[in-house]
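This report describes selected local features of one protein model. Please read it alongside the sequence and the coordinates.

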Amino acid sequence: MVNIVDLKTEYRTNPLGLDAAQPRFSWKLKSDLKGVRQTSWRIRASSNGRIIWDSKETFSDDSQRVLYAGPPLVSRQQIMWQVEVSAEDEQGVLERAISEPGYFEMGLLERSDWRCQWIEPEEAVDIHARKPSPYLRRVFQVKPKLKSARAYQSAHGLYAFWINGQPGTKDCFNPGLTSYYQRIQYQVSDITGLMQEGENVWAVKLGDGWWRGVTGGSVINNFGYKLHFFGQIELTYEDGSTDWVITDENFRTATGGLLASDMLMGDVYDAALEPVGWQSTEFDDVNWPKVHLSTEHADAALIPSRSVPVREKEQFDAKPFKDAAGSLVLDFGQNIAGYVRMNLRGCRKGQKIRLVHGEDIKDGCFSIDNINHCSYPVDAFQEVTYYCSGDPLESYCPLFSVFGFRYVLLEGYDGEIIPGDFTAIAVYSDLEQTGSFQCSNPLINKLVDNSLWSQKGNFLDVATDCPTRERNAWSGDSQVYVRTAAILMNVYPFFEKWLIDLKLEQYASGKVGITFPSTSSVHSPEALADAQKVSMMYALAGPTGNGNIGEDCAGWGDAAVWNPYMIYLTYGDRQILENQYESARHWLDYMLACAKEHNPLYESQPQYHHWEDGELDADYIYDTRMHYGEWQEPIKEEITAHNLAEVFKRMIERGNPQVATAYMARSAGNVAHMAEILGYDQDQQKYSLIADRIRRVYSKYLIAEDGVIEQGHQAAYVRALVMDLCSANKREMVISNLVKEIEAAEYHLNTGFLSTPFLLHVLVDIGREDLAFRLLEQTENPSWLHAVLLGSTTILESWDGMDTHQGSHNHYSYGAVCDFLFSRVAGIRPKFSAPGYKAFELAPVTGGSLTQAKAVFESLYGTIVSGWNKTHDSILYHCEIPVNTTAFVTLPDGRQMTLGSGSYEFRC
Ligand code: BGC
């Protein structure tokens, strides 16, 4: 039996609002038989009950990214599609199956589809003060025999909406974050079920969001000073006629209880000021002024949401306790990004309740010292201040704020706390979880769980460094973690959307932002001037348009190359390479140009005096500009407020030839490979030669004759090995120096941001599994398990964060070790020759104290399982291979075989 399941269009289930000219279809096949392969597919797509495209039977095993090839799709078109496949098993027995229908709906493809205008509810605003949330409403009529109703909406800021008092959507933090001046997302909501015949009301609240809130921690009003809203409701009747309700001057506006709402600072809400019933039709808004029209940034492209929506997910009930200072603290047991929904009982009118959200208990007391480091002078940090209405039972839940927290300091409340009264709600992009790992060491299992929670805590439409202090979408962090991200969740649409913003914000020189979309104020001259007052990084960068001095940074800008490359490996979609190739190549060319600039500090060194084929060797060493390098390396100079400027100036002067040249080599190799995949032969040849040349120069000048790498520690050796930077005669010495470093560190890791993900891979590759498992299972600091042992529920920014109470407690980067667990311990490894796990390796590595390990990975083709159990004399290996894929298996005893779909067991 073959079954077709999990139909997706553009990586989503039944999406509304697509704008792809040729949407990508995909499906999975399930079967209990062995060696099953699809032999043909046929798609039929219909619209309005009429077949518009019949692909006819196509003899191919493609079941991913099959492109729609019917007549051009038009705005609002509703399409049902079904796929019929033939498949055969090992015996050649042919089966046919037909899927349930899939559905998608097109968005508004032409500017002329939009009848509405941007509206501006606020009069003059004080740009530095916190501002109340504008409320908007409009009454409209619905005639009998309504067939369907859709809302198309967007905002400068964030919006939430209600129809006749009912929430219009479950999606949060709309319209999401993009490079707003260039493109802004709109959402399509099916609101048919909320409509009533006769009078209806469309009610909206706006929040500061990324548009004018404190994001990045260093500036406010990053994109603008005023909030705007834009939208139309389309009512389609059974007779085919349509009515439009649009944003124009007929919208009315007022403010209410929500006196301030900033994603980072939080909310101020006075329940007594909330206009009663303003979201219902009965409310009389005659005293509410009308809005103005606005043209501010109205020329940015309107695009439908490109990724999955942000949703409310897991919920946690509070355990209240008194801390050492006698304060009432709520412990939710898990560090999350989200907010608290609260029920308050028996409060007086005007009673002030304050909730402060934090991640740490320091010396027995609630503390936000580790995260409260904004350079912008904030009025509040992760706080909700609520003034009560005086009703016997009242409830509150933020709409536009999101906090990183496990603990909440609760002030001003003396009512009884009944279970369920204070509920923490995790909020993140609703990405399908695809990876789970479990082994006989419970601390390792908790490490994986912590990593998943840090991913959940930071993947809110874009991937941030942490959900507390900076909330910046840092390129370096995502580059370090992207492989693990793509194992734990299906992040294809998330990264496809986000990388386009990287490209859009790339400078004309090819330089790539360290955060993108930049929430550090490169967007407007006024905001940049503000940023330069508070942030040394901007002050040092010089004139407007130059961005931030860190933006030349190797390992961070390389997200332009590595992220699409890794996403292609995991999902096999050429689209990501087609989208990003030019941007990747441009960043590489920028690094190569920076390498050609001379750094006077090094001019006396031999690389500046040796030419080969007419080119100076120093021109292939990137020794200029500022690089963060192995950020958070355990052995590092401590950076404090006092030495910050001095440290950064030194970093600029010295550059970081070791790190920057290595990344330039890796990116040159990656770009060459991308060019090969895309069939750009000239580029492939050009960048392969460049990659070879950088590698030769690296080995010659940056690795000493005895294999020592200056300022080495473990990271430098790991980097040189994983990026293939050592010439054959130095490789063994580099390996032995790495081992010596690990021994000298007494089997603790000593790597920073960039090299940590590769440390264990390199040790297995050089045949030192023993060391890899010893480091993996180490529990003393620095190690992955140290924080786990001390009770962390997420991944920390620094190795010693639990001991020192410094640094964020929710920084996913070091969770990148999960890739090692899935791809080496369980052994599930994708291959570039058949990307997207169409064919993959299963090559488990056993070791350490582990007696058992198992990973389950939901690939685009179906579930891959790989696990082993070790007894005193043998290993039992079990694997499951999805239909339509091939696995190249290497068993722990060295036996190799090629297998098709099915479930298998081997004793070794
Ligand atoms: C962030 C990092 C980031 C780094 C740049 C930090 O403040 O939290 O995660 O990549 O700056 O080095």
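## Terms and basis

Two strands are taken to pair if DSSP finds at least two bridges between them. Helices (H or I, at least four residues) and strands (E, at least two) are DSSP runs, numbered from the N terminus.

The model is predicted: local features need pLDDT of at least 70, side-chain atom pairs count only at pLDDT 80 or more, and totals for chains, interfaces and linings use all residues. Residues are numbered from 1 along each chain as its sequence is written, and side-chain values use heavy atoms, with hydrogens and water left out.

## The three-stranded sheet

Strands β1, β3 and β6 form an open antiparallel sheet in that order. β1 (2-9) and β6 (66-67) are the edge strands, each pairing on one side only. Strand β3 (residues 24-31) is joined to β6 by two bridges in the antiparallel sense.

## The four-stranded sheet

A second open sheet has four strands in the order β39-β40-β44-β45, with mixed pairing. β39 (828-830) and β45 (896-899) each have a single partner strand, so one side of each is left without a neighbour in the sheet. From one strand to the next the twist averages 25 degrees (axes are lines fitted to C-alpha atoms, for helices over the stretch in contact, and angles run from 0 to 180 degrees between N-to-C directions).

β39 and strand β40 (residues 839-842) run antiparallel and are joined by three bridges. Ile828 stands opposite Leu842 in β40.

## Ligand surroundings

The ligand is surrounded by Asp465, Arg469, Glu470, Trp474, Asp477, Trp556, Tyr628, Trp631, Phe753, Glu797 and His811; a residue is listed here if one of its heavy atoms lies within 4 Å of the ligand. By class, this shell has five nonpolar, one polar and five charged residues. Ala, Val, Leu, Ile, Met, Phe, Trp, Tyr, Cys and Pro count as nonpolar, Asp, Glu, Lys and Arg as charged, and the others, Gly among them, as polar.

A polar contact is a pair of N or O atoms within 3.5 Å; within protein, one must be able to donate a hydrogen and the other to accept it, and residues adjacent in sequence count only if both atoms are side-chain atoms. A polar side-chain atom of Asp465 lies 2.7 Å from a ligand oxygen atom. For Arg469, the distance from a side-chain N or O atom to an oxygen atom of the ligand is 2.7 Å, and for His811 the corresponding distance is 2.9 Å. The protein covers 94% of the 310 Å² of accessible area that the ligand has on its own (Shrake-Rupley method with a 1.4 Å probe; for residues, only the protein chains shown count as cover).

## Contacts of Glu858

Glu858 belongs to strand β41 (residues 852-859). Its side chain makes a polar contact of 2.7 Å with the side chain of Lys28. Leaving out residues up to four places away in sequence, Glu858 touches Lys28, Lys30, Glu432, Thr434 and Thr863, where contact means heavy atoms within 4.5 Å.

## Backbone features in loops

The peptide bond from Phe516 to Pro517 is cis, with omega near -10 degrees. Pro517 sits in the loop between α4 (492-505) and α5 (525-534). The bond from Asn781 to Pro782 is also cis, with omega near -10 degrees, and Pro782 is placed in the loop between α15 (769-777) and α16 (784-789).

Asn164, a residue other than glycine, has a positive phi, near 50 degrees. Asn164 lies in the loop between β13 (158-163) and β14 (166-167).
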